[in-house]
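I opened a new notebook page for this model. I want to look up the strand pairing, the helices packed on it and the ligand site.

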Amino acid sequence: MARTTLWHPFTQHAVEPDPIPIVRGEGAWLETRDRRRILDAISSWWVVTHGHRYAPIVAAIHEQIDRLDQVIFAGFTHDPAEKVASKLIGRAPCGLAHVFFSDSGSTAVEVALKMALGYWRNIGEPRTRIAALDHGYHGDTVGTMSAGSRGVFNAAYEPLLFDVVRIPFPYAGREQETLDALEAAAREAPLAAFIAEPLITGAGGMLIYGAGTLAEMKRICEGHGALFIADEVMTGWGRTGTLFACEQARVAPDILCLAKGLTGGSLPLAATLATPRIFEAHYSEDRSRTFFHSSSYTANPVCCAAALANLTIWETEPVLERIATLERLQEESLAALADDPRFMNPRRLGTIAAVDVKVPDGGYLAAAGPALRAHFLDRGVLLRPLGNTIYVMPPYCTTAADLHLVYDAIRSAPDALA
Ligand code: PLP
């Protein structure tokens, strides 16, 4: 019989241990109600960038909530939103000129898909086919599940999902297959858009591919007029070593999806950035061409104030240097696992490191996942493996001593499974 009123995300309450009450966060650390400390080595699902309760962000939130907590964003505007939009345009890959706010990574991507379809409809050439890179994860709403890889997560909702053209993941040495498949898909019938997580897939297994392949995929899209949607919900805000992953391929997407680290991971806010041609296709005296999307908290002023503080941190603090230090620490820690026969495929991109534990049955539902999680928590470390893939994606304030704890816990993990 169910014992809980709260229904937690991605949680099988029948078999999982009770959730751990957290009362405080500070830097890379969480504190439990019974005063245990847990190192947040996954940035609380990849949202926290500078650290929990980063002082300038907390101060900006306090200041804003004393002035304006919330206002409808249709027919009204406010300074925090205006400033965030203009700073975002200044920092984003060139060509992106319009910012649409929403509240989560899923809504940022839903908005992107709707913008793409709206664009084609409004210019009188209705294209509806979407292509997506395999092993992608774009969220849990119906549109984003459709674009993401199919599996146990979305099997129950399959009848509601729309078809997308799957482009095989560009595994090392097989990149040309990906490019050929994208080219063939675009030739077969016009594509409205192609969506991909640039350089690394997140929930799809932390699979890394090269900047050259990303640039080629964008080139193919351009050649066929397909809009290129970059889902940087995970990769944005420095995770891959640059502010945005697209920068490493010198790729300017037609639509860019941002969330999570947009507020430094403090409050929920998302932004979908678009090029002028997409905005202008919706700009008309004909009201039926309006971009029909909203949510109650679009551009919430307090969330925008947090985002503005985050953007100011990026302008005034040596964030990329902190990231470079974390990259070096991750590389050294990972190198120590390279010769360990109990692990395979150690890999790193920017601040994100991943390694697979050798287990007879891999995959998301592998029994290894929960056992590993419990082992890490026993060691005071929050890690949430994807099946047998352990990844470490900590906040940028994580120290060498913190990472030692993490990798000590990882090294002892296979024995805990035995
Ligand atoms: N897109 C990517 C690449 C993600 O990693 C995620 C979440 O992990 C999402 C979209 C969905 O974001 P949210 O959980 O904020 O809806």
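**Strand pairing and the ligand site**

I started at one residue pair: Ala131 stands opposite Phe194 in strand 7. The model is predicted, so I kept in mind that local features need pLDDT of at least 70. Strand 5 covers residues 130-133 and strand 7 covers residues 193-196. I found the two paired in the parallel sense, over 3 bridges.

Next I looked up the helices on this part of the fold. Helix 7, residues 211-224, packs on the sheet. I noted its contacts with strand 5, strand 7 and strand 8 (227-231). The direction of helix 7 makes about 150 degrees with that of strand 8. Helix 6, residues 175-188, lies across strand 5, strand 6 and strand 7. Helix 6 runs at about 155 degrees to strand 6.

In what order do the 7 strands of the open sheet come? I read 4-10-9-8-7-5-6, with mixed pairing. Strand 4 (98-102) and strand 6 (165-167) stand at the edges. Each has a single partner strand, so one side of each is left without a neighbour in the sheet. From one strand to the next, the twist averages 20 degrees.

Trp29 has Leu39 in strand 3 as its bridge partner.

**Ligand**

Which residues are around the ligand? I listed Trp46, Ser104, Gly105, Ser106, Tyr137, His138, Gly139, Glu197, Asp231, Val233, Met234 and Lys260. By class, I get 4 nonpolar, 5 polar and 3 charged residues in this shell.

I then went through polar atom pairs. Ser106 places a polar side-chain atom 2.6 Å from an oxygen atom of the ligand. An N or O atom in the side chain of Asp231 is 2.7 Å from a ligand nitrogen atom. For Lys260, a polar side-chain atom lies 3.0 Å from an oxygen atom of the ligand. On its own the ligand has 390 Å² of accessible area, and the protein covers 84% of that.

Definitions and conventions
Residues are numbered from 1 along each chain as its sequence is written. This is a predicted model: local features need pLDDT of at least 70, side-chain atom pairs count only at pLDDT 80 or more; totals for chains, interfaces and linings use all residues. Side-chain values use heavy atoms; hydrogens and water are left out. A residue is near a molecule or strand if one of its heavy atoms lies within 4 Å of it. A polar contact is a pair of N or O atoms within 3.5 Å; within protein, one must be able to donate a hydrogen and the other to accept it, and residues adjacent in sequence count only if both atoms are side-chain atoms. Accessible areas come from the Shrake-Rupley method with a 1.4 Å probe; for residues, only the protein chains shown count as cover. Ala, Val, Leu, Ile, Met, Phe, Trp, Tyr, Cys and Pro count as nonpolar, Asp, Glu, Lys and Arg as charged, and the others, Gly among them, as polar. Two strands pair if DSSP finds at least two bridges between them. Helices (H or I, at least four residues) and strands (E, at least two) are DSSP runs, numbered from the N terminus. Axes are lines fitted to C-alpha atoms, for helices over the stretch in contact, and angles run from 0 to 180 degrees between N-to-C directions. Contact means heavy atoms within 4.5 Å.
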